[in-house]
Amino acid sequence: TTPGAAKWHRSAGAVARSDTRRRVAAGALVEWLPQETMLFDGARATIRLGVELAEDARFIGWDVTQLGRTASGERFASGRVQQTLELFRGDAMLWCERAVLDGGSRALQAGAILAGAPVFGTMIAAGAAVDDGVLAACRAASPASGVGAVTRLPQVLVARYRGHASAAAHAWFAALWSLLRPALAGRPAIPPRIWTT
């Protein structure tokens, strides 16, 4: 996890980049549970998370993005963010998500995209099979605000959030993690102490 939000500040034109890669060895489990990514108005960022899983490796992770400093009324009126989230097992791609969002664009208001919500996130769990009972429990959990949905694909479970509060996204993903971790890791979910500091 991370001790605080990742903050991307206004740019005079240069693009800032982050490229996080995780290679998960056979039999291992990686849990990638960071705080939100906050893009200030005018930020220009390219953010990539790539995860490569060995044959029986497992992964639970999420990414929450907040456009603008909403607590102070700031919106993402200018700038650009390009985000990529890729999950592989060997040479096979299990999941790929790419987004390009321009600050102030009409696309941010479109119902099929963000519908004006400044916060969005994706959570992925891959490895052990998620049975129908765990899937039903995940679908029964709902965020305190905003909207969320959970989908199970053949090798990955995906949860998505859209709303107005990164805290609500984080809390919902943490609740899902507490349901998924015992299934994937065989261990109870104990929240990291840093989440309460």
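Four strands, in the order 2-5-7-8, form an open sheet with mixed pairing. Strands are DSSP runs of E, at least two residues long, and helices are runs of H or I, at least four, both numbered from the N terminus. Two strands pair if DSSP finds at least two bridges between them. This is a predicted model: local features need pLDDT of at least 70, side-chain atom pairs count only at pLDDT 80 or more, and totals for chains, interfaces and linings use all residues. Residues are numbered from 1 along each chain as its sequence is written, and side-chain values use heavy atoms, without hydrogens and water.

- Strand 2 runs parallel to strand 5 (residues 44-53), joined by 9 bridges.
- D19 has R48 of strand 5 as its bridge partner.

**Helix pair**
- Helix 1 (residues 132-140) packs on helix 2 (residues 166-185) at about 170 degrees, axes 9 Å apart.
- The two are therefore roughly antiparallel (over 145 degrees).
- V134, A137 and C138 of helix 1 meet L176, L179, L180 and A183 of helix 2 (contact: heavy atoms within 4.5 Å).

**Cysteines**
- The structure holds 0 disulfides (cysteine sulfur pairs within 2.5 Å).
- C138 is buried, at 1% relative accessible area, whereas C96 is partly exposed, at 29%.
- Buried means under 20%, exposed over 50%, and partly exposed in between (1.4 Å probe, protein chains only).

How values were computed:
Axes are lines fitted to C-alpha atoms, for helices over the stretch in contact, and angles run from 0 to 180 degrees between N-to-C directions. Angles under 35 degrees count as roughly parallel, over 145 as roughly antiparallel, 65 to 115 as roughly perpendicular and the rest as oblique.
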